[in-house]
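The sequence and structure are shown first.

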Amino acid sequence: MARFTVHGRTQQECQQALDDLRRLLDVTVTLPPTDRLGGAWIARATRKAPDQTVRGFAVR
C-alpha cells in the first residue's frame with residue numbers, strides 16, 4: 001500500500017494538491033485537509049498495490 005501526504009499553507013492549497021493527487025492516481029482519502037496537527041494544512045491518502053500484493057503479502 002502506498003501512502004501519500006500533501007501539504008499546503010492554506011486549506012485551499014492543500015485541497016488543490018489533494019485533488020491533483022486524486023486526479024493523477026487512484027487514491028482513497030484517509031485524512032481530509034486539516035490544520036489540527038500544527039501550523040500547516042495537511043491531508044493524507046492511500047492506494048493499494050496494483051497487483052494486490054506488497055512484498056509478497058496479499059493486500060486486504
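A residue counts as buried when its relative accessible area is under 20%. By this criterion, 25% of the 60 residues in the protein chain are buried. The model is predicted, and its accessible surface comes to about 4,700 Å², with carbon and sulfur atoms holding 50% of that area.

The protein chain contains 1 helix and 5 strands, arranged along the sequence as β-α-β-β-β-β. Among the contacts with a separation of 6 or more, 40% link residues 24 or more positions apart.

Of the strands, 3 form an open antiparallel sheet in the order 1-3-2. Strand 1 and strand 2 stand at the edges with a single partner strand each, so one side of each has no neighbour in the sheet. From one strand to the next, the twist averages 10 degrees. The antiparallel strands 2 and 3 are joined by 4 bridges; V29 has A45 of strand 3 as its bridge partner.

| Element | Residues |
|---|---|
| Helix 1 | 11–24 |
| Strand 1 | 2–8 |
| Strand 2 | 28–34 |
| Strand 3 | 41–47 |

Helix 1 lies across strands 1, 2 and 3, and runs at about 150 degrees to strand 1.

In soluble globular proteins, nonpolar side chains tend to be buried together. Here the largest nonpolar core comprises 8 residues: V6, C14, L18, L21, V27, W41, A43 and A45. Helix 1 and strand 3 each contribute at least two residues to this core. Beyond its neighbours within four places in sequence, L18 contacts V6, V29, P33, A43 and A45.

Technical notes:
Residues numbered from 1 in each chain as written. Predicted model: local features only at pLDDT ≥ 70, side-chain atom pairs only at ≥ 80, totals over all residues. Heavy atoms only, no water. Buried < 20%, exposed > 50% of the residue type's maximum accessible area, 1.4 Å probe, protein only. Contact = heavy atoms within 4.5 Å. Areas by Shrake-Rupley, 256 points an atom, 1.4 Å probe, with all protein chains shown as cover. Core = buried A, V, L, I, M, F, W, Y, C linked by side-chain atoms within 4.5 Å. Pairing = 2+ DSSP bridges. Axes fitted to C-alpha atoms, helices over the stretch in contact; angles between N-to-C directions.
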